[in-house]
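Here are my notes on this one, point by point. Have a look at the model first, then read on.

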Amino acid sequence: MRPLQISPETAVKLAEALQVPLERLMHMPQHILLQKMMELANQEKEANESVDKNQE
């Protein structure tokens with residue numbers, strides 16, 4: 001399996017956001033990475049929606 005084809009800056013940001021070591025992120029299967037990114041996006045969406053409700 002070859003490493004992911006992403007920029008170093010993107011890799012560092014994803015590793016921090018997903019709380020995984022950079023080396024593990026670079027060798028993570030693409031379908032698992034996409035799943036984790038979707039989970040992260042859903043969490044951010046829920047957080048934004050709760051903030052919007054509190055402001056109203």
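1. Going from the N terminus, the protein chain reads α-α-α, that is, three helices and zero strands. Helices here are DSSP runs of H or I with at least four residues, strands are E runs of at least two, and both are numbered from the N terminus. The radius of gyration is 14 Å, well over the 10 Å that the globule rule gives for 56 residues, so the chain is more spread out than a compact globule. (That radius is over C-alpha atoms, and the rule is 2.2 Å times the number of residues to the power 0.38.)

2. A caveat on sources: this is a predicted model, where local features need pLDDT of at least 70 and side-chain atom pairs count only at pLDDT 80 or more, while totals for chains, interfaces and linings use all residues. Residues are numbered from 1 along each chain as its sequence is written, and side-chain values use heavy atoms, leaving out hydrogens and water.

3. Along the principal axes, the C-alpha atoms fill a box of roughly 50 × 20 × 15 Å. Of the 56 residues, 18% count as buried (under 20% relative accessible area; exposed is over 50%, partly exposed in between; 1.4 Å probe, protein chains only).

4. Most residues other than glycine have a negative phi. Gln 19 also counts as exposed, with 72% relative accessibility.
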